[in-house]
Amino acid sequence: MTFSTTDRDAMARALALAEQGLAATTPNPRVGCVIVRDGAIIGEGWHRRTGEPHAEILALAAAGEAARGATAYVTLEPCAHFGRTPPCVDALIAAGLARVVVAMQDPNPVVAGRGLDKLRAAGIDVACGLLANEARELNIGFISRMTRNRPWVRLKAAATLDGKTALENGVSQWITGPAARADGHRWRARACAILTGIGTVKADDPQLTVREHPCERQPLRILLDPRLEVSPAARILQGAPALIVTGHGNDARARQLAESGHRILALPSPDGRIDLPALMLELARLELNEIHVEAGSTLNGALLAAGYVDELLLYLSPLIVGNAARGIFDLPALTALDAAARFEIRECVRVGEDLRVVARVTSSQV
């Protein structure tokens, strides 16, 4: 299908609008909409947060009666079902639009082409696929949850040039500079939840909150603590309730944490640890799209070995600390390179004095 320069410019604007909801729309996808008439934008909007009007509704309200006969550009197929809000396709049809251009079909099974079909049945000219890759990247977590029944897992690590995250004695603050640390908070802000393990909590006592980037809602904090060893004074337990995942049942310690407002989820595995496949299913059930992992080498290695790391967000500092220091992943020794986890480098940019590398596991497809 051929699209004009006007089409591409309008959809690029709709994607830019959608990105403004990057840290606020969860569990909904990030969606933008632009309405164009005679080459000029007459209305635009983006979905700001769950429960509020969708992008199409806001754009139609801005356009008013001028929307009749115009073209709407939407970054995701308009919904055709009643959810928290009424179907957007009904509003688009009622507005008398002549054409609707959509970046990509909605992977949600309750939509999945029904919105496009309803628009066509109403006599509206419908085109799909404009800047589809950009739209997919914007909602990669939502797509993962809808198509794989698990969140998109992004693992963040700060390391030296020789791949070490801490000295042998555990000292790790600060491997990277202030610019890289602030940038890490920007990535935290877009996540639905931040996940760590009890080893990191014991060693570093992190808050795991967004502090150095504007964020109107804090991501859920998830602690994997197989034996419920977390101290009540741990900073991850202060403020908003956390989700604590354990390998044991409801003992006295679990009841104490629950009485403090935290949610306890028992997902034992046969080895007494945590059942990671069950965890991913539960996180999807909780409507979590993107999980941001900041953990130690043991949990990092377990997630990677289980196939639950989709993307690596790596900050590299210009330091060399030697072989005795701690690495990013604790994994079994390999005997052949063919068995190594393979990544595709998607980005490599300088952030302050450090490098930010974004790499995607080649087997991760959505």
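A residue is called buried here when its relative accessible area is under 20%, exposed when that area is over 50%, and partly exposed in between, with a 1.4 Å probe and protein chains only. This structure is a predicted model, in which local features need pLDDT of at least 70 and side-chain atom pairs count only at pLDDT 80 or more, while totals for chains, interfaces and linings use all residues. Residues are numbered from 1 along each chain as its sequence is written, and side-chain values use heavy atoms, with hydrogens and water left out.

The description can begin with the sheet. Helices (H or I, at least four residues) and strands (E, at least two) are DSSP runs numbered from the N terminus, and two strands pair if DSSP finds at least two bridges between them. On that basis an open sheet is formed by nine strands, which follow one another in the order β11-β10-β9-β8-β12-β6-β13-β16-β15 with mixed pairing. Its edges are β11 (263-266) and β15 (343-351), each of which pairs on one side only. Neighbouring strands of the sheet are turned against each other by 20° on average, direction ignored, where axes are lines fitted to C-alpha atoms, for helices over the stretch in contact, and angles run from 0 to 180 degrees between N-to-C directions. Strands of a sheet pair through backbone hydrogen bonds, either parallel or antiparallel.

Within this sheet, strand β6 (residues 152-160) and strand β13 (residues 311-317) run parallel and are joined by seven bridges, with Arg154 standing opposite Glu311 in β13. Helix α6 (residues 140-148) packs on the sheet, where it touches β6, β12 (290-293) and β16 (354-361), and its direction makes about 130° with that of β6; contact in this sense means heavy atoms within 4.5 Å.

Side chains of opposite charge can pair when their charged atoms come close. A salt bridge is counted when a side-chain nitrogen of Lys or Arg lies within 4 Å of a carboxyl oxygen of Asp or Glu, and by this rule the count comes to 26 salt bridges. One of them joins Arg30 to Glu290, with the closest N and O atoms 2.8 Å apart. Arg30 lies in the loop between α1 (5-19) and β1 (32-37) and Glu290 in strand β12, so this pair ties together parts that are 260 residues apart in sequence. Arg30 is buried at a relative accessible area of 6%, and Glu290 is likewise buried, at 1%. Arg30 and Glu290 also belong to a network of linked salt bridges, whose members include Arg154 and Glu311.

Other pairs have different surroundings. Arg285 and Glu282 meet in a salt bridge of 2.6 Å, N to O, and both lie in helix α10 (residues 276-285), three residues apart, about one turn of the helix. Arg285 is exposed, with a relative accessible area of 54%, whereas Glu282 counts as buried at 12%. In the salt bridge between Arg227 and Glu229 the closest N and O atoms are 3.4 Å apart; Arg227 is exposed at 56% and Glu229 partly exposed at 33%.

Charges also meet aromatic rings, a charge being taken to sit over a ring if NZ of Lys or CZ of Arg is within 6 Å of the ring centre and within 35 degrees of the ring normal. The charged end of Arg48 sits over the ring of Trp46, 3.9 Å from its centre, and that of Arg181 over the ring of Trp174, 4.4 Å from its centre.

Some backbone details remain. The peptide bond from Thr26 to Pro27 is cis, with omega near 5°, and Pro27 is found in the loop between α1 and β1. Leu131, although not a glycine, has a positive phi of about 55°; Leu131 lies in the loop between β5 (125-128) and α5 (132-138) and is buried at 19%. Leu208, also not a glycine, has a positive phi of about 55°, and its place is in the loop between α8 (198-204) and β9 (220-224), where Leu208 counts as buried at 2% relative accessibility.
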